[in-house]
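Good morning, and thank you for the time.

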Amino acid sequence: MDAQTRLEIQNLTEQQQQYVIQTLPAKEKSVSSAYIFWVLLGAHYFYLNKPFKNIILWLLCYIYIGVIWWIYDAFRMKRLVAECNRVIARQVIQDAILLYPKPQKARDTIDAEFKEAE
């Protein structure tokens with residue numbers, strides 16, 4: 001989890017934070033698994049939720065440009081996985097916000113004014 005994701009999580013309510021902390025580890029991708037998919041048929045982009053990019057890679061392998069791209073990906077695999085995990089984290093945070101919305105302040109102040117009037 002990168003620093004930006006941590007900051008976004010800190011701005012959530014406690015219930016939203018718990019949801020993100022419980023859900024995110026199960027959805028995050030690992031570098032070691034990405035390398036395994038990279039070695040086996042060059043399918044690492046499928047693992048990283050980019051199937052169209054993987055198909056383009058396979059098509060370019062017929063003219064050997066894809067082989068160079070495939071080798072280049074070995075050196076940048078950590079960054080590819082980090083980018084994928086950032087996208088996943090943003091999605092989980094958005095899900096948490098939708099599932100557990102913050103209480104509206106206007107409603108709280110109206111309730112407080114109503115209680116004072118009694």
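Predicted model: local features only at pLDDT ≥ 70, side-chain atom pairs only at ≥ 80, totals over all residues.

Setting aside residues up to four places away in sequence, Leu48 touches Lys29, Leu80, Val81 and Cys84. Leu48 also belongs to the largest nonpolar core, where Leu48 is among the residues with the most contacts inside that core, together with Val20, Leu24, Met77 and Val92. The core holds 22 residues. Which elements give two or more residues to this core? They are helix H2 (14-27), helix H3 (31-39), helix H4 (44-47), helix H6 (65-75) and helix H7 (77-99). H7 supplies the largest share, 9 residues.

I turn next to the packing of H6 and H7. Their axes are 4 Å apart and meet at an angle of about 75 degrees. Angles of 65 to 115 degrees count as roughly perpendicular, and H6 and H7 are therefore roughly perpendicular to each other. On the H6 side the contact involves Tyr72, Asp73, Ala74 and Phe75, and these meet Met77, Arg79 and Leu80 in H7.

His44 is located in helix H4. Is His44 buried or exposed? His44 counts as buried, because its relative accessibility is 0%. Beyond four places in sequence, His44 touches Ala34, Phe37, Trp38, Asn54, Leu57, Trp70, Asp73 and Met77.

One of those partners, Asn54, lies in helix H5 (residues 51-61). Asn54 likewise has a relative accessible area of 0% and is therefore buried. Apart from neighbours within four places in sequence, Asn54 is in contact with Gly42, Ala43, His44, Tyr45 and Phe46. A polar atom of the Asn54 side chain lies 3.0 Å from the backbone nitrogen of Phe46.

Finally, the loops. Asn49, in the loop between H4 and H5, has a positive phi of about 65 degrees although it is not a glycine. Tyr64, in the loop between H5 and H6, is likewise a residue other than glycine with a positive phi, near 70 degrees. Tyr64 counts as exposed, because its relative accessibility is 61% and the cut-off for exposed is over 50%.

Thank you for your attention.

Technical notes
Residues numbered from 1 in each chain as written. Heavy atoms only, no water. Core = buried A, V, L, I, M, F, W, Y, C linked by side-chain atoms within 4.5 Å. Buried < 20%, exposed > 50% of the residue type's maximum accessible area, 1.4 Å probe, protein only. Contact = heavy atoms within 4.5 Å. Polar contact = N/O pair within 3.5 Å; in protein donor to acceptor, adjacent residues only side chain to side chain. Axes fitted to C-alpha atoms, helices over the stretch in contact; angles between N-to-C directions. Parallel < 35°, antiparallel > 145°, perpendicular 65-115°, else oblique.
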